[in-house]
Amino acid sequence: MEKWFTEKHSDTINFSIKVSKTLFSTQTKFQKLEVFENEELGRFFTLDDYVMITEKDEFIYHDMIVHVPMAVHPKAHRILVIGAGDGGTVRELCRYPYVTHVDMVEIDEEVVTVCKKYFPNSTSGLSDSRVHLYFMDGLAFIATKKNEYDLIIVDSTDPFSVGEGLFTQSFYKDCFTALKDDGILVNQHESPFYEHYQKNMQRAHKRIKEAFPIAKVYQAFIPTYASGHWLFGFASKKYDPIKDANFEHWNSLNLQTKYYNPALHIGSFALPNYVIDLLNKE
Ligand code: AG3
């Protein structure tokens with residue numbers, strides 16, 4: 001009998017992936033967590049029936065959520081990552097030799113345990129001595145921090161269940177307080193395409209704009225996320241993501257990236273008109 005994993009992209013649209021093997025399935029304290037395999041995508045894991053990463057396209061998301069702010073900040077060495085239990089974001093950060101300290105706060109320890117077992121590549125950075133893992137609510141963690149980080153990356157699920165608080169006004173304000181005077185906040189910013197995601201994106205942008213003097217949005221094509229058209233938020237106290245990007249410095253690091261490059265960095269901030277309209281509307 002054929003088995004398919006199905007994610008609902010909208011009330012009338014489903015996205016299905018043929019499962020060649022179910023590797024793991026559980027209900028954690030917080031959410032439903034499953035690991036599957038597909039012939040073309042490799043292994044992939046889901047939370048509450050939403051695709052989080054697949055082996056084939058996770059590089060796109062992780063390149064864009066990490067290398068864009070890292071090419072802008074002149075020397076981000078103290079970094080906070082919220083969510084990101086699969087480790088992909090931390091793996092990319094650890095490639096920068098001058099990063100000295102990464103706090104990673106994941107609410108669900110089981111996500112990390114399971115990903116370590118099934119996704120050795122994405123979790124490879126988690127054992128780096130610069131990385132400090134906290135299994136707790138990101139909202140509680142950040143509420144105690146002041147003027148501490150150069151960069152905060154919010155690598156969350158969608159805004160419901162455990163992800164919900166990470167899209168609130170008070171959380172963005174706490175991020176502002178936790179950042180240094182030239183700090184940058186980057187977050188996964190949902191999709192502009194389907195109506196439900198559109199609303200999440202508009203709401204997030206409106207709130208971030210209220211908390212930060214500079215708030216921009218950039219895009220990437222991520223085949224296994226709803227509609228494939230995905231956005232990231234770039235908010236900062238001082239740096240403009242294009243004018244202040246230092247590609248000479250970034251190139252000198254000689255990082256080999258499979259998706260990100262400086263031309264794409266600039267291009268990713270050029271948004272389609274309908275997306276600009278949606279963002280301005282709110
Ligand atoms: N973070 C989840 C992005 C949102 C996915 N949404 C969806 N499939 N509807 C990805 C974690 C990667 N570190």
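This is a predicted model: local features need pLDDT of at least 70, side-chain atom pairs count only at pLDDT 80 or more; totals for chains, interfaces and linings use all residues.
A nonpolar core is a set of buried Ala, Val, Leu, Ile, Met, Phe, Trp, Tyr and Cys residues joined through side-chain atoms within 4.5 Å.

The largest nonpolar core here has 53 residues. Helix α1, which covers residues 58-72, gives the most to the core, with 10 residues. The core also draws on two domains: at least three residues come from each of domain 1 (3-54) and domain 2 (58-251 + 260-281). As a general point, nonpolar side chains in soluble globular proteins tend to be buried together.

Now for the empty spaces. Rolling a probe the size of a water molecule over the atoms shows where such space is left. Across the whole structure, a search finds four cavities of 30 Å³ or more.

The largest cavity holds about 390 Å³ of space. It is lined by 34 residues, and the closest to its centre are L47, M52, D155, S156 and T157. Which elements give two or more residues to this lining? They are β5 (42-47), β6 (50-54), α1 and β7 (78-83). Strand β6 supplies the largest share, four residues. Sorted by class, the lining has 18 nonpolar, 10 polar and six charged residues. And why does the largest cavity lie between domain 1 (3-54) and domain 2 (58-251 + 260-281)? Because both domains give residues to its lining.

The second largest cavity holds about 50 Å³ of space. Its lining is made up of Q31, L47, D48, Y50, M52, T157, F160, S161, V162 and G163. By class, that comes to five nonpolar, four polar and one charged residues. Domain 1 and domain 2 both give residues to this lining, so the second largest cavity lies between them.

Terms used:
Residues are numbered from 1 along each chain as its sequence is written. Side-chain values use heavy atoms; hydrogens and water are left out. Buried means under 20% relative accessible area, exposed over 50%, partly exposed in between (1.4 Å probe, protein chains only). Domain bounds come from an automatic or database domain assignment. On a 1 Å grid over the protein atoms alone, a cavity is a set of points where a 1.4 Å probe fits but cannot get out, and a pocket is an open set with protein on both sides within 12 Å along at least five of seven lines; lining residues have an atom within 4 Å of a point. Grid points are joined across faces, edges and corners, and a volume is the space filled by probe spheres set on the points. Ala, Val, Leu, Ile, Met, Phe, Trp, Tyr, Cys and Pro count as nonpolar, Asp, Glu, Lys and Arg as charged, and the others, Gly among them, as polar.
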